Amino acid sequence: MYKFIDLFAGIGGFHLAFHRLGAECVFACEWDKHARKTYERNFKKMSPELFRKKKFYGDINSIKDIDTEISDFQILTAGFPCQPFSQAGFKKGFADTRGTLFFNIAEILRIKKPEAFFLENVRGLLNHNNGETFATIKKVIEEDLGYSFHWQIVRASDFGLPQLRPRLFMVGFKDKKIDFEFPTPIKTKMTMSDVWGGDCSRTIGFTLRCGGRGSRINDRRNWDAYLVDGKVKRLSPDEGKKMQGFPDNFVFPVSNVEAMKQLGNSVAVNAIQAVGAEIIKILDTSFNPTVQFNAHTSNISKMAVHARKLTPTPLH
Ligand SMILES: C[S@@+](CC[C@H](N)C(=O)[O-])C[C@H]1O[C@@H](n2cnc3c(N)ncnc32)[C@H](O)[C@@H]1O
């Protein structure tokens, strides 16, 4: 069974996707107390060892010794906040990222050397600080850490969810010879009318956000008001969950305002799962090249086959 870690975990979009793919979460960190509450409530049953071993950390900077506090794992996942890097010396390497959350990720990669990583960020990271931030990340990963680096803008609507949500997905492998390709988008059948259970004027919804709710429906800033069966309706966590690929039995033990913020901060689970399935498939074939020819006999192959099934499963 592959092991993964869930950094800047939010409410666990990566956790859910990789759990569905048959992997086990062995370390997570999230410092926001409300997000922690939602995470714990939903994942304690699914990943009891994570909590029993006290591996759900708060601040990532509270890890004192990466090598001993994080047990070995194969896949690092993280949706990290975007911050500018220091320009000191214009070297734009590892040292220039010190003090940022990307540095924490890079340090874990350097020390633990997992097989693969999967990072997610807003599309704006590409031109943040005139492209310097992205160029530094790519350079640190490729040149300083020796991993491959593949990136693509992926939309939630590319993988079955009725929401645009373009996001920058970055994937890399320790074995640079691995030939990775992002999965081909599938046709989205689910619409906003399915989300609402009524006739909605839009097929694909607006990207969920963390704040700025409550604009008038015709305001250009509106993202949470919809015309459904001729009436204006505002998104609640129930619709938000469907638009992000969380199951109906996902629980929010926090206020609705907080739940909407958490959903706006999270990832489109189906898109993460589709890319995660490709990562696992490729690790399977590189660890065991016979997998693709011998799909019924090896346990690893069974996992690869399972990984390709993208049907959402209930949480518990
Ligand atoms: C973009 S969100 C990630 C959401 C997540 N991928 C999900 O599926 O919900 C980034 C998260 O990083 C957390 N964060 C920011 N700084 C942190 C730190 N120093 N240590 C731990 N978590 C931190 C924030 O609270 C936020 O929930």
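This is a predicted model: local features need pLDDT of at least 70, side-chain atom pairs count only at pLDDT 80 or more; totals for chains, interfaces and linings use all residues.
**Stop 1: the ligand**

Select the ligand and the residues around it. The shell has 21 residues. Which of them come nearest? They are Phe8, Gly10, Gly13, Gly79 and Ser266. Now colour the shell by class.

**Stop 2: helices H1 and H10**

Two packed helices are described by the angle between their axes and the distance between the axes. Select residues 13–20 for H1 and residues 269–287 for H10. The two axes come within 9 Å. They cross at roughly 45°, which means that H1 is oblique to H10. The crossing is right-handed.

**Stop 3: Lys54**

Go to the loop that joins helix H3 (48–52) to strand S3 (56–57); Lys54 is there. Check the backbone. Most residues other than glycine have a negative phi. Phi of Lys54 is positive, near 55°. Is Lys54 buried or exposed? Lys54 counts as exposed, because its C-beta neighbours inside 10 Å number 8, and the cut-off for exposed is 12 or fewer.

**Stop 4: Asn130**

Move on to the loop between strand S5 (116–122) and helix H6 (132–144), and select Asn130. Here too the residue is not glycine and phi is positive: the value for Asn130 is near 55°. Asn130 has 8 other C-beta atoms within 10 Å, so this residue is exposed.

**Stop 5: Leu161**

Last, find the loop between strand S6 (150–154) and strand S7 (167–173), where Leu161 sits. Leu161 has 23 C-beta neighbours inside 10 Å and therefore counts as buried. The cut-off for buried is 20 or more.

What is Leu161 in contact with, leaving aside its neighbours within four places in sequence? Show Ala156, Thr188, Met190, Met243, Gly245, Ala268 and Asn270.

Definitions and conventions:
Residues are numbered from 1 along each chain as its sequence is written. A residue is near a molecule or strand if its C-beta atom, placed from the backbone, lies within 6 Å of it. Axes are lines fitted to C-alpha atoms, for helices over the stretch in contact, and angles run from 0 to 180 degrees between N-to-C directions. Helices (H or I, at least four residues) and strands (E, at least two) are DSSP runs, numbered from the N terminus. Angles under 35 degrees count as roughly parallel, over 145 as roughly antiparallel, 65 to 115 as roughly perpendicular and the rest as oblique. A crossing is left-handed if the near helix is turned anticlockwise from the far one by less than a right angle, and right-handed if clockwise. Two residues are in contact if their C-beta atoms, placed from the backbone, lie within 7 Å.
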